[in-house]
Amino acid sequence: WGSTLVLGVWLASSAVTSRAEEGIPDICLEPAFPKLAFDRPLWLTHVQDGSGRLVVLEQPGKAWIFENRPETADRKLYLDLSEKTVPYIEMGLLGMAFHPKFSENGRIFVYYSERPEGAGRHISEHDSILARFSVDRTDRDRADPDSESVLMRIPEPYANHNGGCVLFGPDGFLYLGPGDGGGAGDPNGNGQKRKTLLGKILRIDVDRVPEGKTYGIPKDNPFVGAADGTREEIWALGMRNPWRFSFDRETGDLWAGDVGQYKMEEIDRIEKGKNYGWNAHEGSLVFDPIRAQRADPASFTPPVAEYGAHLGKSVTGGYVYRGKKHSGLVGVYFYADYVSGRVWGLRWDGAKVVAQRELLDTDLRISSFGEDAAGELYLTAFGNGREPGRIYRIVQK
């Protein structure tokens, strides 16, 4: 974390703005479903049943299902949690994952901010909920709201940094990315505390569940058997607010965008047991000198890419493109910034970033990326006051 990474910061910033001979083609964004509009859409995923249907989540609590056709004008309400959640700051209906064997078991996993109840409770005093739902037995276009089973409840000290991405990995386990609990600078130090679920990437088993539990712990999780109170659910730590992560369909690599504090937004390649530095470091920069000095520099894993606040202030992690329509984009990892509307792409050779460039400078508030069953990529964008939220398709020029 010394001079080598100071140079790395310069290289990352330089590469992001460079457009010279980098092997990443130009792209454009096309309205994917011009006849559909959404209220603060922040997640797009596909149903794991071979139908190709898509589901879009809205922050206020509704999930909509529709056919993956550009001309589609019809959508159906798939799940409505608007009475249970609250879309305040970074709270709301934040994530959804279909079980890999959804066509057999009909299970859906949802992450949302529970609306606080009780006199005197501030709206930010809430719990983040991971829950399981089942598809309606009589209507495959609807999740049964009465089937909810709460698997995990995480008390949140503040309204922001809720994370919320939930995905199944190629290993069949469920991965979840809670933020550090919020508050400027991680005042509770949750990113480095191993006795809390906050500020981590978690990995759990929802299929092999011990009696009396709501989920299991995979035997090869890095902290299984720790005797000091370390949470065995932890797969990686040192995260501030992992806003969207994804698995590369071909390599299985786990990529995450982690939102910075003041100076640096980062892209991390998440590996078993690694510590990504927050809040001793913000990206490759020292954030808390005392924490940084106390720790072994080798204990922290630096980001694979980052950019400064002059280019954006809230990273949105994306996907590695593995679709069939745009051969020049295969292997490119796309990410964006919610505040500036910029979109970047990078190539990773298994050991290092070998190409990186800024691809677009838009006026969109890019809240998430999404992938359909064929591996084509989309992004979701909030409205700007004049226009509602929309879904866009990434297209090679």
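1. Pocket terms first: on a 1 Å grid over the protein atoms alone, a pocket is an open set of points with protein on both sides within 12 Å along at least five of seven lines, a cavity is a set of points where a 1.4 Å probe fits but cannot get out, and lining residues have an atom within 4 Å of a point. Grid points are joined across faces, edges and corners, and a volume is the space filled by probe spheres set on the points.

2. Housekeeping: this is a predicted model, with local features needing pLDDT of at least 70 and side-chain atom pairs counting only at pLDDT 80 or more, while totals for chains, interfaces and linings use all residues. Residues are numbered from 1 along each chain as its sequence is written, and side-chain values use heavy atoms, with hydrogens and water left out.

3. The largest pocket holds about 470 Å³ of space. Which residues lie nearest its centre? They are His-46, Gln-48, Leu-167, Phe-168 and Glu-371, out of 23 lining residues. Two or more lining residues come from each of strands S2 (41-46), S6 (93-98), S10 (165-168) and S14; strands here are DSSP runs of E, at least two residues, numbered from the N terminus. S2 gives the largest share, four residues.

4. On to the largest nonpolar core, which has 91 residues, with Met-96 and Phe-334 making the most contacts inside it. Such a core is a set of buried Ala, Val, Leu, Ile, Met, Phe, Trp, Tyr and Cys residues joined through side-chain atoms within 4.5 Å. Buried means under 20% relative accessible area, exposed over 50%, and partly exposed in between (1.4 Å probe, protein chains only). Another core, of 11 residues, lies apart from the largest one and includes Phe-33, Leu-36, Val-56 and Trp-64. In soluble globular proteins, nonpolar side chains tend to be buried together.

5. Met-96 deserves a look of its own. Leaving out residues up to four places away in sequence, Met-96 touches Trp-43, Thr-45, Val-55, Leu-57, Ala-63, Tyr-78, Leu-79, Ile-108, Phe-109, Val-110 and Val-166, where contact means heavy atoms within 4.5 Å. Across the strand pair, Met-96 stands opposite Val-110 in S7. S6 and S7 (residues 107-113) run antiparallel and are joined by five bridges; two strands count as paired if DSSP finds at least two bridges between them. Six of the six residues in S6 are buried.

6. S14 and S15 (residues 254-258) are joined by four bridges, with Ser-246 opposite Trp-255. Four bridges also link S16 (residues 264-270) to S19, where Glu-265 faces Tyr-307. In S19, Ala-305 and Tyr-307 point one way and Glu-306 and Gly-308 the other, and all are buried.

7. The other open sheet to check has the order S20-S21-S22-S23, again with antiparallel pairing. S20 (315-316) and S23 (353-361) each have a single partner strand, so one side of each is left without a neighbour in the sheet. Inside, S21 (residues 332-337) and S22 (residues 342-348) pair over five bridges, and Tyr-335 stands opposite Trp-344.

8. What lines the largest cavity? Arg-240, Asp-258, Val-259, Gly-260, Met-264, Glu-266, Trp-278, Glu-282 and Gly-283 do, around about 30 Å³ of space. Asn-279 sits in the loop between S16 and S17 (281-282).

9. Ile-89, in the loop between S5 (76-80) and S6, has a positive phi near 55°. His-161 has a positive phi near 60° and lies in the loop between S9 (139-156) and S10. Is His-161 buried or exposed? It is buried, because its relative accessible area is 4%.

10. Last, two loop residues. Pro-34, between S1 (27-31) and S2, touches Pro-70 and Arg-390. The C-alpha atoms of Pro-34 and Ile-391 are separated by 8.2 Å, although 357 residues apart along the chain. Gly-212, between S12 (200-204) and S13 (234-237), counts as exposed because its relative accessibility is 77%.
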